[in-house]
Amino acid sequence: MRTPNNSSARYQQGDPPADPAMLQTFLREELTKIGGALAALAVGHLDVLTVAPVKPREVDLHVADGVLWNPGGGKGLYAYSGGAWTLIKALP
């Protein structure tokens, strides 16, 4: 099993092991990944997105990479409101 990456606010589910003897290790690693994602969110970390969220909700905040996903003002922090993305802060 791979080492969990706790630098992201996103949790990616791992594939459960075929060997039941490895289940305890798998669960520990999954809980560590979940805990890392929650901790990143708790301190305000936002991952830079390269695609627009599929179903944005009112007042969602996201950081666009400005290249693969450019809601209009390049790389930066955007808020979703009234059906549109509004640039809050441009980023270098």
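The model is predicted. Asp60 sits in a loop between two strands, E1 and E2. Four aromatic residues, Trp69, Tyr78, Tyr80 and Trp85, are linked into a cluster by ring pairs.

- Strand E3 covers residues 76–81 and runs antiparallel to E4.
- Six bridges join E3 to E4.
- Gly76 stands opposite Ala90 in E4.

**Asp60**
- The loop that holds Asp60 runs between strand E1 (48–49) and strand E2 (61–64).
- Asp60 is buried, yet it has no salt bridge.
- The nearest side chain of opposite charge is Arg57, 4.2 Å away.
- Arg57 meets Asp60 in another way: the backbone nitrogen of Arg57 lies 2.9 Å from a polar atom of the Asp60 side chain.
- Leaving aside residues up to four places away in sequence, Asp60 touches Tyr78, Ala79, Tyr80 and Trp85.

**The aromatic rings**
- There are three aromatic pairs.
- One of them is Trp69 with Tyr78, a tilted pair.
- Their ring centres are 6.4 Å apart, with 40 degrees between the planes.
- Trp69 and Tyr78 are both buried.
- The cluster includes Tyr78, Tyr80 and Trp85, and Asp60 touches these three residues as well as Ala79.

Conventions
Residues numbered from 1 in each chain as written. Predicted model: local features only at pLDDT ≥ 70, side-chain atom pairs only at ≥ 80, totals over all residues. Heavy atoms only, no water. Helix = DSSP H or I, 4+ residues; strand = E, 2+ residues; numbered from the N terminus. Buried < 20%, exposed > 50% of the residue type's maximum accessible area, 1.4 Å probe, protein only. Lys, Arg positive; Asp, Glu negative; His and termini not counted. Salt bridge = Lys/Arg side-chain N within 4 Å of Asp/Glu carboxyl O. Polar contact = N/O pair within 3.5 Å; in protein donor to acceptor, adjacent residues only side chain to side chain. Contact = heavy atoms within 4.5 Å. Pairing = 2+ DSSP bridges. Phe/Tyr/Trp six-rings, centres within 6.5 Å; stacked < 30°, edge-to-face > 60°.
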